[in-house]
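Could you have a look at the charged pairs in this one? My notes are below the structure.

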Amino acid sequence: MNDRDVDTNGIRLHYLEYGTSGPTLLLMPGLTANAHSFDGLIAAGLAERMRVLALDLRGRGLSDKPDGGYRMSDHAADVLGLMDALDLDRVVLGGHSFGGLLTYHIAASHPDRVESCVVIDAPAEVDETILDQIKPSLDRLDMVLPSRDAYLEMVKAMPYFDGWWDPAIDGYVRADVREQDDGTVRARSRPEHIRAAVEGTLEIDWPEVVASIERPLLFLRAPDPFGPPGSPPLVAEAKAHATMALLRDGRLVEIPGNHMTCLFGSSAVKAVEAIEAFVLEDR
């Protein structure tokens with residue numbers, strides 16, 4: 001793994017680089033997540049046959065956290081600027097959750113920069129009720145805990161893990177926090193930045209965006225419940241099929257787990273198998 005930074009669109013963007021050969025797969029994480037959220041996919045062999053770049057979007061992880069610029073168009077400009085800085089004309093563009101929405105946005109508005117798309121659990125519609133399902137993730141942004149270990153234990157207790165854990169999640173969680181002068185820790189992302197990003201998703205006509213995508217797109221859906229007890233999956237089966245109906249060239253694959261656990265453990269193995277089949281089948 002190479003730990004790198006690049007100057008783009010007026011900010012410093014942090015990313016992780018894995019692998020040196022094959023097509024370049026550029027991955028963008030979920031709403032409050034960081035580049036290490038894809039550690040489970042890397043552990044499952046994703047970078048063995050392709051070069052993988054995993055980003056910290058602005059306001060997350062080790063990337064800069066400006067006061068403004070959290071609309072989808074701002075995030076897209078960051079990503080395109082990174083591609084320009086790395087002399088990447090076209091990439092396989094992918095993302096989980098919010099990163100999947102950003103994949104839709106860039107593929108629709110800049111098709112010349114995208115070879116194909118990999119979207120993990122992001123429907124072609126967003127409504128305000130999604131805030132209820134991700135509330136535990138948003139609540140943690142205001143928490144101050146005594147140590148990284150305490151933060152890790154707090155995340156393990158979140159309802160979408162429900163006693164399940166994979167060691168690859170540790171790095172993702174530990175990268176999520178910064179240590180303060182008194183030794184306590186808190187999330188690197190600020191609530192106001194994340195709320196601004198959410199508001200940016202609500203102002204877009206996502207079905208229209210998805211319907212305009214010309215590139216082949218793989219949609220990986222996680223079917224298990226996500227959120228407090230009794231919650232549905234984040235992407236209902238009907239919503240996944242509605243997304244497929246909008247696409248000109250879409251492929252739907254279900255992978256085990258819920259919106260978070262699908263990125264780790266045996267679910268990650270299934271996800272990598274599907275991504276490799278999609279990205280490499282014509283190579």
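Here are a few numbered points on the salt bridges.

1. Before you read on: this is a predicted model, where local features need pLDDT of at least 70, side-chain atom pairs count only at pLDDT 80 or more, and totals for chains, interfaces and linings use all residues. Residues are numbered from 1 along each chain as its sequence is written, and side-chain values use heavy atoms, with hydrogens and water left out.

2. I get 15 salt bridges in the structure, taking a salt bridge as a side-chain nitrogen of Lys or Arg within 4 Å of a carboxyl oxygen of Asp or Glu.

3. Arg12 pairs with Asp5, with 3.1 Å between the closest N and O atoms. Arg12 is partly exposed at 31% relative accessible area, and Asp5 is partly exposed too, at 43% (buried means under 20%, exposed over 50%, partly exposed in between; 1.4 Å probe, protein chains only).

4. Arg12 also bridges to Asp64, at 3.3 Å. Arg12 sits in strand β2 (residues 11–18) and Asp64 in the loop between β4 (51–56) and α2 (72–85), so this pair ties together parts 52 residues apart in sequence. Helices (H or I, at least four residues) and strands (E, at least two) are DSSP runs, numbered from the N terminus. Asp64 is partly exposed, at 26%.

5. Then there's Asp78 with Arg58, closest N and O atoms 2.7 Å apart. Asp78 is in helix α2 and Arg58 in the loop between β4 and α2, 20 residues apart. Asp78 is buried at 2% relative accessibility, and Arg58 is buried at 5%.

6. Finally, look at Arg4, Glu17 and Arg51: salt bridges link them in a network.
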